[in-house]
Amino acid sequence: MMDHAHDLASVRDATDRLLTAVGKLDNASVTESSRLPGWSRGHVLAHLARNADALVNVLEGRPMYVSGEARDADIERDAPRPLDAQLADVRESAARFQDVSAVPADWSRTVELRNGVTDSASRVPFRRWVEVELHHVDLGIGYELEDLPAEFTERETDFLAARFAGHPEVPPTRLTDGTRAWRTGREAGTTEVTVTGPPADLLGWLAGRREGSALRVEGGPLPALPPL
């Protein structure tokens with residue numbers, strides 16, 4: 001089982017980093033485009049706040065979102081708010097998530113996320129950590145994939161490699177940063193592609209944040225990954 005207490009502390013640290021960085025912006029900066037197509041920085045911050053509340057729902061046994069349409073509408077509603085409102089919402093929703101996570105519970109239980117996806121409750125704090133770290137990068141305010149904690153980068157690479165493992169549209173692929181290695185894609189039965197690069201570039205490619213131009217590929221072209 002995951003170490004949820006460790007991950008909750010990591011979520012708290014990541015949230016503090018994000019709030020400190022965002023606190024240096026101004027109202028105009030919040031309305032500017034993020035690195036996510038079609039989303040302003042305000043959209044990213046609104047999503048982070050609503051995701052925290054959605055994960056509270058998950059931990060308390062309710063549906064994560066009322067519907068996909070309601071999720072999108074909430075983000076659109078909250079995106080145009082000024083900086084102080086965005087900061088307060090991210091901070092307060094993060095506190096609600098931490099408070100619910102502090103209640104004694106069976107962390108081995110299975111919970112339901114979006115679209116029928118299920119997972120152990122013990123993985124929910126790590127999933128929140130992913131949201132905070134990657135969306136901090138998506139804001140485009142000076143926090144890059146290279147700035148992510150090494151532990152986070154390795155664990156998220158593990159998670160994404162496992163997510164694409166067995167996927168029929170991804171060829172058998174070996175990933176390596178020169179020290180560690182992962183396998184993903186279809187079961188080896190055809191030529192295996194080897195993708196080599198720095199940890200941040202491997203993660204960026206797997207997470208759809210980089211196109212993979214810094215990676216070295218042997219055995220075929222760089223595999224096209226399905227959207228997350």
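Arg 210 forms a salt bridge with Glu 146, with 2.9 Å between the closest N and O atoms. A salt bridge here is a side-chain nitrogen of Lys or Arg within 4 Å of a carboxyl oxygen of Asp or Glu. The pair links distant parts of the chain, 64 residues apart. Arg 210 lies in the loop between H8 and S6, and Glu 146 in the loop between helix H6 (124-138) and H7. Helices (H or I, at least four residues) and strands (E, at least two) are DSSP runs, numbered from the N terminus. The model is predicted: local features need pLDDT of at least 70, side-chain atom pairs count only at pLDDT 80 or more, and totals for chains, interfaces and linings use all residues. Residues are numbered from 1 along each chain as its sequence is written, and side-chain values use heavy atoms, leaving out hydrogens and water.

Arg 210 is partly exposed, at 24% relative accessible area. Glu 146 is also partly exposed, at 48%. Buried means under 20%, exposed over 50%, and partly exposed in between (1.4 Å probe, protein chains only).

The structure holds 22 salt bridges. Arg 127 and Asp 119 meet in one of 3.0 Å, N to O. Asp 119 counts as buried, with 14% relative accessibility, whereas Arg 127 is partly exposed at 24%.

Four strands form an open sheet with mixed pairing, in the order S4-S3-S5-S6. Strands pair if DSSP finds at least two bridges between them. The edge strands, S4 (181-184) and S6 (216-218), each pair on one side only. Strands S3 (residues 173-176) and S5 (residues 193-196) run parallel, joined by four bridges. Thr 176 stands opposite Thr 196 in S5.
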